[in-house]
Amino acid sequence: MRSPQRTRLALLFGGISEEHAVSLRSASAVLRALDQNRWDVRLVGITSEGRFLNEEDSAALLEGRDFKGPGGFPALPEGTECVFPVLHGPGGEDGSLQGWLELCGVPFVGSGTLGSALAMDKSVAKRVLRDAGIEVVSWTELRHRDYLADKEIVLSHLIEDRGLPCFVKPACQGSSVGISRVETEDELRAGLDHAFTFGEWVLVEPALNAKELEIAVLGGAEPFATVPGEVQPESWYDFSSKYENDSAELVVPAEGIQPQMTVGMQEIALRAFDVLRLSGMARIDFFIGKKTGRLVVNEVNTIPGFTSISMYPKLMEHSGIGFTDLCDRLIKEALSEKVTHEVESPSQLQAENGTA
Ligand SMILES: Nc1ncnc2c1ncn2[C@@H]1O[C@H](COP(=O)(O)OP(=O)(O)O)[C@@H](O)[C@H]1O
Ligand SMILES: [Mg+2]
């Protein structure tokens, strides 16, 4: 029997970003995991055009029905006591939704306006991290109008500064949307033209020959960082290797990482969580140079992929925090309940897994 004291929780998903479909998958997994005895879940689907749907249409959106038509003003179901936004990218993870929720005065899972906005912009986030003494991948940021003003000069400067091959990224996207790995000047030109279709600012970074490691952080009275997991894409972790084929392997925990390195990464992850003003959850992504052993932060995600096979829940699971428990803790933190994370220490876990 369901408890009469259930908290009314609005699960928000979909949204206007390129990651709409990814959000549907994440939200389906969260919906399955949520403890229905504890949470009275109301679905709030947001169409690709920004329309907030009623409960019935929201369920249809989650099932894959396509809704056309312009958005109206956002609205939450009557009596909503807490919101769980499971949206990725602009309009969901970038602080705009969070700002509206803060104005509405309703508690919500995850980071607030400032942290969400800071982490969404890869260039701004790197400045904040670098200022806190955290090493990040070197980069050049470029504004569209400066690029248009003199494409050829800009291209030669970029090649001089960052070399080839390099990565071209829109500043404010996720799931590798708009990102290219380029090897020639012509590819760089095409990569920039493509990246600028997603926004005004773009980053160019040297292509590192590195292992990709990720740490999951869970907020609370004392935020907790997991051991790292490793992503092993065939080439680089592009959209199709993330969502369309199984070519990238996720190894949890990452193998061959010395305990001292793990501790160092956890400290950096927690520091990044603090300096970017994050709460709730975040996935902090690192590179370790295959030849140099140099550790740098690549990026920080405030609403990481949330399907049951995504890295964030997998890392939490590895620390003994199952998906349902994870959702409980996130919601309780949003509701300002004191959440402490009783988890086994990473060294204990590593010893158990024979990886220490
Ligand atoms: N500087 C880089 N060197 C090597 N690989 C990179 C670099 N930047 C990004 N990548 C590859 O591209 C993927 C996506 O880039 P990322 O910055 O994480 O953007 P997103 O927010 O879209 O995930 C990374 O997971 C990695 O595989
Ligand atoms: Mg990434």
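Predicted model: local features only at pLDDT ≥ 70, side-chain atom pairs only at ≥ 80, totals over all residues.

Student: Which domains does the assignment give for the chain?
Tutor: The assignment gives domain 1 (7-108), domain 2 (119-135 + 209-353) and domain 3 (140-206).

Student: How far apart are the C-alpha centres of domain 2 and domain 3?
Tutor: Those centres lie 27 Å apart. The contact between the two domains takes ten residues from domain 2 and eleven residues from domain 3.

Student: Which helices supply the domain 2 side of that?
Tutor: Helix H5 (122-131) and helix H9 (239-244) each supply at least two residues there. By class, that side of domain 2 has four nonpolar, two polar and four charged residues.

Student: Switching to ligand 1: how many residues surround it, and which are the closest?
Tutor: There are 18 residues around ligand 1, and the closest are Phe-167, Glu-205, Leu-208, Trp-236 and Tyr-237. Strand S5 (166-170) and strand S13 (295-301) are the elements that give two or more residues to this shell.

Student: Which domains does the shell draw on?
Tutor: Domain 2 and domain 3 each provide at least three of its residues. The shell divides into eight nonpolar, five polar and five charged residues.

Student: What about the largest nonpolar core, which residues touch the most other members?
Tutor: That core has 85 residues, and Val-86 and Leu-11 are among those touching the most other members. Leaving out residues up to four places away in sequence, the contacts of Val-86 include Leu-11, Phe-13, Ile-303 and Phe-306.

Student: Why would nonpolar residues gather like that?
Tutor: In soluble globular proteins, nonpolar side chains tend to be buried together.

Student: New topic! Where are the cis peptide bonds?
Tutor: One runs from Leu-164 to Pro-165, with omega near 0°, and Pro-165 is found in the loop between helix H7 (151-162) and S5. Another joins Val-252 and Pro-253, with omega about -5°. Pro-253 sits in the loop between strand S11 (249-251) and helix H10 (259-275).

Student: And Ser-176, is it buried or partly exposed?
Tutor: Ser-176 counts as partly exposed because 19 other C-beta atoms lie within 10 Å, and buried would need 20 or more. Ser-176 also has a positive phi near 65°.

Student: Last one: why does the length of helix H12 make sense?
Tutor: At 1.5 Å a residue, its twelve residues should span 16 Å, and the end C-alpha atoms are 17 Å apart, so the two agree.

Technical notes
Residues numbered from 1 in each chain as written. Chains lettered and ligands numbered in written order. Domains from an automatic or database assignment. Contact = placed C-beta atoms within 7 Å. Helix = DSSP H or I, 4+ residues; strand = E, 2+ residues; numbered from the N terminus. Nonpolar A, V, L, I, M, F, W, Y, C, P; charged D, E, K, R; others polar. Core = buried A, V, L, I, M, F, W, Y, C linked by C-beta atoms within 7 Å. Buried ≥ 20, exposed ≤ 12 C-beta atoms within 10 Å, placed from the backbone. Near = placed C-beta within 6 Å. Expected span 1.5 Å × (residues − 1).
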